[in-house]
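Hi,

Here is the structure I promised to pass on.

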Amino acid sequence: MTPNPPCSSGACNGGGGNGNGGMNRRSFLRTSGVLASGIAALAASLAPLRDLTDYTSAAEFMQKHYKELSKDDMDKVLDRITREVEKQYAIRPHVKDYKPMDGVEFVYCLNLTRCIGCRKCVHACVAENNQSRDPEIQYIRVLKMPHGSFDMEKGDHNYSTPTVPEKGFFYMPVQCQQCKNPPCVKVCPVEATWQETDGITVIDYDWCIGCRYCEAACPYFARRFNWTKPSIPKDSINPEMSYLGNRPRKQGVMEKCHFCIQRTRAGKYPACLEVCPAGARKFGNILDPNSEVSYILRTKKVFVQLKEELGTSPRFFYYFDV
Amino acid sequence: MNRNSNIALVGIAVAFLVLAAAFVFDLWGRTPATPPIPLVDKKFVDTSPSRVSIAEFLRKGGDPSDYECNICHEKNKPIKIKFDADNNIILPKEHLDIALSHGSHKRNNNCYNCHDEMNLELLQTRDGRQLKLVDSTPLCGSCHGPTYRDWEAGVHGRTSGFWDRGLGDYSRLGCASCHNPHSPKFPGREPAPGPHALHPIAKAPAHHESERTHE
């Protein structure tokens with residue numbers, strides 16, 4: 001363009017020769033038309049934000065890392081969570097921050113001879129731990145495996161025979177193995193997941209950024225991601241909640257089995273054990289020589305740590321009655 | 001400015017408006033909704049044991065007349081057990097509800113292996129102890145030693161309640177809470193529904209075919 005183009009139409013600046021910086025009616029309309037449509041498109045492209053319902057409160061946004069929270073801070077956090085849950089589910093929960101007990105290291109033992117593959121543990125876990133029902137989040141997967149093989153590739157999650165157990169197969173429930181050397185903890189870029197002194201690997205849902213690295217790192221498919229806002233019927237909420245355990249999660253955070261912190265750190269057995277009709281599940285303190293799990297690891301001959309060769313050193317043992 | 005830039009500007013404006021409409025009306029759509037997942041039946045989260053033992057039945061106020069054997073039978077007068085040609089017990093019509101299948105070699109086909117022939121309201125162990133019907137666990141243990149040892153350690157069968165015995169009580173189920181003494185093999189049951197994937201998994205039957213041909 002030449003510095004002073006000839007005015008062939010009324011479109012050029014200062015059609016009447018008003019000098020630089022002026023704008024005639026036509027060019028104003030045109031420019032503002034383009035601008036307005038651009039703004040409209042931009043606003044419309046943000047339409048998915050209309051679906052956003054739970055905003056992060058300022059208090060949550062400013063919250064410190066779990067390990068830096070003082071007792072007072074934690075009380076405030078628990079109070080905030082209580083209010084949020086009450087608002088959302090119309091139920092007053094008892095949210096606590098259960099700490100690991102001294103001299104306790106949890107171990108899980110599962111008797112593959114006894115498991116009949118009824119999947120009751122899966123659903124007791126969902127009910128206890130306030131998992132989303134639709135879309136479904138489940139911490140336990142039961143693999144149906146052919147006898148005589150430990151090849152995970154042959155495992156079937158989706159069996160639906162009218163009755164179980166089926167002849168020629170054994171059933172292997174898989175959940176978080178609470179590894180002594182957890183790969184999921186190593187990859188977390190923000191330290192939102194860590195191993196506690198009683199052996200439970202926990203997640204702070206307020207700190208998780210949802211990058212899903214831990215899901216990729218876990219060799220046991222133990223971690224689940226909340227792709228959408230979890231949906232739980234109001235009458236199905238378990239009001240006994242723990243900060244690092246079963247309090248309701250948000251969209252965009254990871255979750256997984258935490259050995260029912262709200263139960264086990266209060267001395268109780270986990271929910272999956274309590275519902276097992278075959279008594280295949282055993283849980284307890286490995287540091288106590290009189291515990292059931294100590295007895296099993298001392299006396300039972302064959303026990304399997306899943307994918308032992310990876311060096312994750314699970315605290316979850318599979319054994320057989322022989 | 002020339003005519004071309006005019007057209008370009010109008011074009012951009014139109015494109016923006018089309019985009020705006022597309023966003024607002026969701027022209028390319030969201031991911032199609034997956035079918036709703038039904039809530040799981042409450043029976044699958046029920047923690048009660050798989051069967052009701054006599055002890056539990058009577059504790060809950062059940063009718064005890066079924067277990068008062070001496071209403072029909074006479075004490076100290078053992079009934080002779082009848083066998084068919086295959087050495088199976090022929091059950092009298094009063095006891096046809098019993099399905100006797102204890103042990104896989106038909107050797108345990110004698111009622112008096114467990115019941116006391118002199119007093120049918122009692123059980124007897126092979127070493128001569130007499131036990132009440134509601135107290136059958138040591139009787140089972142008199143044959144199933146290793147299993148009984150595991151049970152005593154809390155390892156066979158379910159132990160519920162508190163793992164930390166300093167914080168609360170625990171309870172242990174007796175044999176008959178899971179096993180029918182006459183037919184002790186743990187029965188099969190209906191499995192709870194399997195997982196619903198976020199996106200339906202495509203079936204690959206061809207894979208299984210090819211696997212079979214390799215074998």
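**What I found**

Let's start in chain A: Gln138(A) sits in the loop that runs between helix H4 (120–128) and strand S3 (141–146) of chain A. (Helices, H or I of at least four residues, and strands, E of at least two, are DSSP runs numbered from the N terminus.) With a relative accessible area of 5%, Gln138(A) is buried; that word means under 20% relative accessible area, while exposed means over 50% and partly exposed is in between, using a 1.4 Å probe and protein chains only. What does Gln138(A) touch, leaving aside its neighbours within four places in sequence? It is in contact with Val122(A), His123(A), Val126(A), Gln131(A), Arg224(A) and Pro195(B), where contact means heavy atoms within 4.5 Å.

Before going further, some housekeeping: this is a predicted model, in which local features need pLDDT of at least 70 and side-chain atom pairs count only at pLDDT 80 or more, while totals for chains, interfaces and linings use all residues. Residues are numbered from 1 along each chain as its sequence is written, chains are lettered from A and ligands numbered from 1 in the order in which they are written, and side-chain values use heavy atoms, leaving out hydrogens and water.

**Chain B and its helix H1**

Chain B has five helices and four strands, and from the N terminus on they run α-α-β-β-α-α-β-β-α. Of its 215 residues, 22% are buried. The accessible surface of chain B is about 15,300 Å², with 59% of that belonging to carbon and sulfur atoms (areas come from the Shrake-Rupley method with a 1.4 Å probe; for residues, only the protein chains shown count as cover).

Helix H1 of chain B covers residues 3–25, and its 23 residues should span 33 Å at 1.5 Å a residue, which agrees with its end C-alpha atoms being 33 Å apart. (The expected span is 1.5 Å times one less than the number of residues.) Which residues of H1(B) are buried? They are Asn6(B), Ala13(B), Ala20(B) and Ala22(B), and they pack against helix H1 (25–45) of chain A. Just after H1(B) comes Asp26(B), with a positive phi of about 55 degrees.

Phe16(B) is also in helix H1 of chain B, and it counts as partly exposed at 30% relative accessibility.

**Aromatic rings**

Over all chains there are 14 aromatic pairs. Rings of Phe, Tyr and Trp (its six-membered ring) pair if their centres lie within 6.5 Å; planes under 30 degrees apart are stacked, over 60 edge-to-face, and the rest tilted. Tyr108(A) and Phe259(A) make a tilted pair, 5.6 Å centre to centre with 45 degrees between the planes. This pair links distant parts of the chain, 151 residues apart: Tyr108(A) is in strand S2 of chain A, and Phe259(A) is in the loop between strand S9 (254–255) and helix H7 (261–264) of chain A. Both Tyr108(A) and Phe259(A) are buried. Why is the pair of Phe225(A) and Trp227(A) edge-to-face? Their centres are 5.0 Å apart and their planes are at 85 degrees, so that label applies. Phe225(A) counts as buried at 13% relative accessibility, whereas Trp227(A) is partly exposed at 44%.

Finally, Phe106(A), Tyr108(A), Phe259(A), Phe283(A), Phe316(A), Tyr318(A) and Trp163(B) form one aromatic cluster.

Technical notes
The expected span of a helix is 1.5 Å times one less than its number of residues.
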